[in-house]
Protein chains: 2
Amino acid sequence: MSTAPSTVHPAARSGARPRLLINAFLMNTTSHIMGGQWRRQEAQQHRFNELQLWTDLARQLEQARFDTLFFADVVGLYGDYDGGWASHVRQGLQVPANDPLVLLSALAGSTREIGLAATSSIIQSHPFHFARQISTLDHLSGGRVAWNIVTSALENAHRNFGADGLAEHDQRYEWAEEYLDAVYKLWEGSWDGGALLQDKDTGIHADPQKVHKIHHRGPRYSIEGPHLSSPSPQRTPVLFQAGSSPRGQQFCARHAEGTFTLLPHPQAAAEYTQRVRTLAEQEGRSGADLKFVQGFHIITGSTEAEVQRRVADLDSTIDVHALLAHIGGGIGVDFGGLDPDTPLADLQTQGSQGHLESVRRFAGTQDPTLRDFALFRTRANQLAGTPEQIADRLELWQDAGIDGINLINHTIPGSYTEFIDGVLPELRRRGLAQTEYAPGTLREKLTGTGPDDGRLLPASHPAARFRGAFADVPVG
Amino acid sequence: MSTAPSTVHPAARSGARPRLLINAFLMNTTSHIMGGQWRRQEAQQHRFNELQLWTDLARQLEQARFDTLFFADVVGLYGDYDGGWASHVRQGLQVPANDPLVLLSALAGSTREIGLAATSSIIQSHPFHFARQISTLDHLSGGRVAWNIVTSALENAHRNFGADGLAEHDQRYEWAEEYLDAVYKLWEGSWDGGALLQDKDTGIHADPQKVHKIHHRGPRYSIEGPHLSSPSPQRTPVLFQAGSSPRGQQFCARHAEGTFTLLPHPQAAAEYTQRVRTLAEQEGRSGADLKFVQGFHIITGSTEAEVQRRVADLDSTIDVHALLAHIGGGIGVDFGGLDPDTPLADLQTQGSQGHLESVRRFAGTQDPTLRDFALFRTRANQLAGTPEQIADRLELWQDAGIDGINLINHTIPGSYTEFIDGVLPELRRRGLAQTEYAPGTLREKLTGTGPDDGRLLPASHPAARFRGAFADVPVG
């Protein structure tokens, strides 16, 4: 990279502006967010069942020094569209969708530095089993695992795991609190530091005085322990979360090291990041320990005219029905029976007035249609412009408290190639993007602070209270 | 390979003798079976937390045309030794032990042909989640997944997953029957053939008329579906099992395509394979659809004297306490408080007369000690000899109905290198070992029969009854 003074941004030159975290926002499915774009000729995301697609992408992103492969997930169908789920299947809307943890495990061997972030819901995997799968991958990857904690808001997901329907929202967060306590106990408390000796001379493989059962007993789980994996490089993986409800923000402030946002504009980001950081401080943590990562899809070109042509081209293939199914499924409204040209004002009878009010507010025009709404929602997370314009915008978001971006794709690998070739050089010129990975684990790469050079969670994190907590449990 | 007539075994030349299946019997831990051998200077199994150990081994075994990496597993501690579990930790006896499915996923990218067999217990992973993880890996690996079905006989394992203790033996098999029904429904019945279209022109990603919810309702599980993965190359993975109790044999005869045995001699194998194959025929299957894979550790040398020196050398480092902990943990007897030189005849007071009787029978000497017992148990699965002697012995086992071997290791990679360099050439000369992989999925490689060229389970298998079973479930 050139670092000639004339091309270095003043803020970067003065050291005032930190780099952005840059994640690829992915899902092990054909149609994640940008409905319909899989049909484009250059799009390869329909090959999601093939390891080669992901290996090639992971190597490309690692070569560009992305921070993580951040895999979203659902463990059930979205809410109804057109009265059912047939259209989800027809459009490939997050179904079929494969397990992200298995895919990230398969990518651990073909990458060396990039973070491996898997979404996993508390409803899908027992904490004893989940903790062990994560520890295994953290070992095999040299400490590159992150976990995006979700509680599953989709009814079908809960019915896949034995429930009659969705658990009540705040109850899910109570459940999540117990789940986290259980895995924290296994990751942080079950094995003391220095337990694993593997001494061939004495024959002592591990010191039994430093390995503890956890005897967890809670409303949902009863877990004896000990954890079956020895401490992995990070012990607890880097923790992501995305809850934006009041209860979700509280949970985030308490547990998350990174949070994924889809905020409409920098002003909203300034307010949101400030509020959640204050909550984190009330939990005894540092606000700086919580990184905000905003989702964007980025469209660029060397001139504004070229950018406009590119936006129009991508708009021409986007599927409004798929967008509406995704948005409606997320907020519990079935937009399916409606013509996309229906004026929003006519949707009074949907019985979801609260949602529709926000729809109108988002659209911000006198007489917006459902199509306007779908496109506007998508547009809200679009950054389109020349590399300089995009970098300027990202600096505004950074000034509003955002630490990084989760790069949404129209096409795989096209959207990433476009960003890497078009935007990344400008970000590097300004010091906004790393040119080499920092050494160490993912946590060290992201924060560089905390015990053991940042490998482990800081002492202020709630997981840390289980360190040494079982030292008095008699060893059998 | 030379195929000159003078070096070809008569049976192979006539085509009468089929090749043996050759698996590596592994566990993601330091000390799997041969207690103490991790202390040997050349042993590398203590590096089990490192991906590089396994990648190197997998490539070596694939180069030698092994059929599968067969990973054993436990999800809890073995039963007490010396009144507790401290000695397990001290000796590294299957603790720590990492998740095999995550490891095999990590190996999917660095291998191309070898089978990936993971043990997974019905108690550790919800069938909806498990089915999806397996389908994901079967996709990513091009159809190379096998599942070794276990029900967990260790009390601590059950206490790690919410139970107060071990479920009763036959109850565990009832549970397993429901678990299998649930995953068969997802793998075989939820997606019809031809459902996935991915047609960029029409925009139809999948045909909703060919994707079905399963609405499973049973004593333990309630699962709505549909399966979130589209059909993987094998749909249902190759099914292994190892139950030797009467109920276990029945389960095996009904479900297994491969079964893992540790029989004491070929006569026992002839009786056992005949009995279980007859049971399979009573279930409407072909006896030939069930492959028996016998566990062996193999020690070789170019002369008998060299073999004897090698056996003595390995014996000198084996840890009798670790062997006794492993054997006792498996049969529910704590040998830990006893001097290994205790005569077996003095063990009347242990209250496990049935087990001790079998101990005496195995040992087969007038006044055997506990040490004799431990070594004898280990010796029963040892093949030591020149390559020709070993090949002769394997032919006797094959004549007794055994289809292949599960190669137990003293050291990793040493035991495999010893087999590959020493024994494999002789097996190949006799046509007992493949020199190239057959094309296709693992099931095709192992059997070469069944629908779709052997990719799928045959129609006589109980999983097949769910094909098309949900075609009438209305699509939402």
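This report covers the chain contact, selected strands and salt bridges of a predicted model.

## The interface between chains A and B

Chain B and chain A each bring 81 residues to their contact. The area buried between them is about 6900 Å². Carbon and sulfur atoms give 57% of that area. On the side of chain B, B:W85, B:L140 and B:K200 lose the most area to chain A. Together these three account for 11% of what that side buries.

Polar links also cross the interface. The rule finds 51 residue pairs in polar contact between chain B and chain A, both residues at pLDDT 80 or more. Several elements of chain B each supply at least two residues to the side that touches chain A: α3 (86-91), α4 (100-108), α5 (127-140), α6 (155-160) and β6 (222-223). Of the contributors, α5(B) gives the most, with eight residues. By residue type, the side of chain B that touches chain A divides into 33 nonpolar, 32 polar and 16 charged.

Six salt bridges span the two chains. One pair is A:D164 with B:R217, whose closest N and O atoms are 3.9 Å apart.

## Strand β1 of chain A

Strand β1 of chain A covers residues 21-27. Seven of its seven residues are buried, so the strand is largely enclosed by the rest of the structure. In a regular strand, side chains alternate between the two faces of the sheet. Both faces of β1(A) are covered. A:L21, A:N23, A:F25 and A:M27 are buried on one side, and A:I22, A:A24 and A:L26 on the other.

β1(A) has parallel partners. Four bridges join it to strand β11 (residues 404-407) of chain A, where A:L407 is the bridge partner of A:A24. Five bridges pair β1(A) with strand β2 (residues 68-72) of chain A, also in the parallel sense. There, A:M27 has A:A72 as its bridge partner.

## Strands β7 and β8 of chain B

Strand β8 (residues 258-261) of chain B is covered on both faces. B:G258 and B:F260 are buried on one side, B:T259 and B:T261 on the other. Strand β7 (residues 238-241) of chain B runs parallel to β8(B), and two bridges join them. The partner of B:Q241 in β8(B) is B:T259.

## Salt bridges within the chains

Over all chains, the structure holds 60 salt bridges. A:K445 pairs with A:E113, their closest N and O atoms being 2.9 Å apart. A:K445 lies in helix α16 (residues 442-446) of chain A, and A:E113 in the loop between α4 (100-108) and β3 (115-121), so the pair ties together parts that are 332 residues apart in sequence. A:K445 is buried, with a relative accessible area of 9%. A:E113 is partly exposed, at 30%.

The side chains of A:R465 and A:D181 also meet in a salt bridge, 2.8 Å from N to O. This pair links distant parts of the chain, 284 residues apart: A:R465 is in the segment after α17 (451-454), and A:D181 is in helix α7 (residues 169-189). A:R465 is partly exposed, with a relative accessible area of 41%. A:D181 is buried, at 19%.

In chain B, B:E426 forms a salt bridge with B:R429 at 3.1 Å between the closest N and O atoms. The two are three residues apart in helix α15 (residues 414-429), so about one helical turn separates them. B:E426 counts as buried at 8% relative accessibility, whereas B:R429 is partly exposed at 32%.

A network of salt bridges in chain A links A:R17, A:D392, A:E395, A:D399, A:E426, A:R429 and A:R430.

Technical notes. Residues are numbered from 1 along each chain as its sequence is written. Chains are lettered from A and ligands numbered from 1 in the order in which they are written. This is a predicted model: local features need pLDDT of at least 70, side-chain atom pairs count only at pLDDT 80 or more; totals for chains, interfaces and linings use all residues. Side-chain values use heavy atoms; hydrogens and water are left out. Contact means heavy atoms within 4.5 Å. Buried area is the accessible area (1.4 Å probe) that two parts lose on being put together, summed over both. A salt bridge is a side-chain nitrogen of Lys or Arg within 4 Å of a carboxyl oxygen of Asp or Glu. A polar contact is a pair of N or O atoms within 3.5 Å; within protein, one must be able to donate a hydrogen and the other to accept it, and residues adjacent in sequence count only if both atoms are side-chain atoms. Ala, Val, Leu, Ile, Met, Phe, Trp, Tyr, Cys and Pro count as nonpolar, Asp, Glu, Lys and Arg as charged, and the others, Gly among them, as polar. Buried means under 20% relative accessible area, exposed over 50%, partly exposed in between (1.4 Å probe, protein chains only). Two strands pair if DSSP finds at least two bridges between them.
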